[in-house]
Amino acid sequence: MTFASALSLVAGTAAAASAAPEPPSAAPAAEARVEPVAWTPCNPDPSKPDPGIYDCAVYPVPLDYADPSGEKIGIAMMRRRAGDPSKRIGSLFLNPGGPGGSGYLWATTGRFDPEVQARFDLVGFDPRGVARSNPLKCFTTDEEAAAVFGRQTGVPVTKAEIDGTLAATEDYTDACDRNAGPLIEHMSTENVVRDLDRMRRAVGDKQLTFAGFSYGTLIGATYANMYPDKVRALIIDGNVDPNLRLHNGLEYDRQRAAGFELGLDEYLKRCKTAGAPRCAFGDGDTRAKFDAIRDHLRTSPVTLPNGTQVTLSSFTSQVADALYAQTRQAPLAKSLQALHEVLQQQGAPSLTAPKAADDANTLAVTVPTALREALPETPYSSDDSYYGVNCQDKPYPSNPRVFANLARAWEKDSPTFGRYQAFDAPACATWPAPARDSDRYTGPWNRRTANPVMVIGNLYDPATQYKFAQNMQRQLGSAVLVSVDVIEHCAVGRSKELNKLVTSYLVDKAVPAPGRLLKPDAEAFPPVA
């Protein structure tokens, strides 16, 4: 099945026979019957030979769970069949986060040990409104979207930048109001979890086995509390703070900025300890050098020898992006050192550009702030599920100017990321279906699950700081926290020691001992050969 045919099937399932109404959260003794998934063999990468181990489907779920026999939408699913059918345990559902991250191809992930692949069907899916699953679309063409997004500044500082960004953001939410349709009112995590429980029943599993990453940890935590008796094994890696996220969007975002700042500070310390050449930025005072670059960019961009410009927005987005993964951190150090050298040359025109100046070119490219993956053949090739979920889950003030005012305060404590994070969510102020009007799960978070939940947290996770993982473990009714000493977002697949614990937990339901602190397999700045 190709991606295009998956989308066409979504429309074809709209008239499918309705399943019985949803059971209440208390979970009755006898579950309501749902239609089984109709799998069809497919090839994840049609440009390569078909490995013959994958199936795809589009599964119909209610658009509105208050009207379960009404209109249906389709959830695109892919599974990698268990390598050893005779020892198959069930399905392992996967979500990569976002919100808005496509999980469809996560059926092909290599993050898990071979034993997990042998014992489970790996099931990836695009949540409602994402990519292949009836994507939530605020525009009809890419040109319309570019005309709005092109007027936004990622990290606006001047009055003109702030006013222009907020005006464009209101135009964006107006477009969502016009074009997104009824799905925009049903994008909350609670609805995603209801879909997940239907899929769990539809594949024939009595209990859920699930691994959620980043935002996917909120899916896992919500499932654990809506359907506590249906939890077989639930891994949540790179955790949000569920109670804070669902009750105070602004404070949650302020603490996210602090988490990025903690990750950056540790990165600069480890770079200095490694020194050059292991860390190209490691000579001298790494903190002072970094702050000088950032502070310069607050007032004016840096023009590189090739004519491109590094702006505060492009710089901040690239630094944030590199903190997400160890593999990007040594390259970031090269880019920072190159930019530092370019700045050193400014005002000395007789000097030639530093030889490594090209390493700074990456910092001139702004990383997209939202995960968007949609089919390229569509007139509007993105989707708007990032805000579709966030604005329904996280309560925010309805005055967009609040975000501009907070940006000044936040950057005092988080000088690199405070303003960057403050301007992540102004769209939620004027979103057509805000959290205050949505059907969303806000707790309790402490219901005791049939089996304990495995919580994984990195000590210096930038996007979901370690404190969030600690809070998640404390809020859940039955959970154990495993920690990894690394600057990275999420950890499964990055540590053999961790993966052994993950495999034992998934296969045998062996809960790790509390208080484990593990190391990653690789270093950010390995010794130079």
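**Aromatic pairs and the core**

Colleague: How many aromatic pairs does a search of the whole structure find?

Modeller: This is a predicted model, where local features need pLDDT of at least 70, side-chain atom pairs count only at pLDDT 80 or more, and totals for chains, interfaces and linings use all residues. Residues are numbered from 1 along each chain as its sequence is written, and side-chain values use heavy atoms, leaving out hydrogens and water. Rings of Phe, Tyr and Trp (its six-membered ring) pair if their centres lie within 6.5 Å; planes under 30 degrees apart count as stacked, over 60 as edge-to-face and the rest as tilted. Searching the whole structure gives 20 aromatic pairs.

Colleague: What kind of pair do the rings of Y172 and Y387 form?

Modeller: Their centres are 5.9 Å apart. The planes stand at 65°, so the pair is edge-to-face.

Colleague: Are Y172 and Y387 buried or exposed?

Modeller: Buried means under 20% relative accessible area, exposed over 50%, and partly exposed in between (1.4 Å probe, protein chains only). Both Y172 and Y387 are buried.

Colleague: What kind of pair do F290 and F315 make?

Modeller: F290 has a relative accessible area of 0%, and F315 also has 0%. Their ring centres are 5.4 Å apart and their planes are at 40°, so the pair is tilted.

Colleague: Over the ring of which residue does the charged end of K289 sit?

Modeller: A charge sits over a ring if NZ of Lys or CZ of Arg is within 6 Å of the ring centre and within 35 degrees of the ring normal. The charged end of K289 is 4.2 Å from the centre of the ring of F281.
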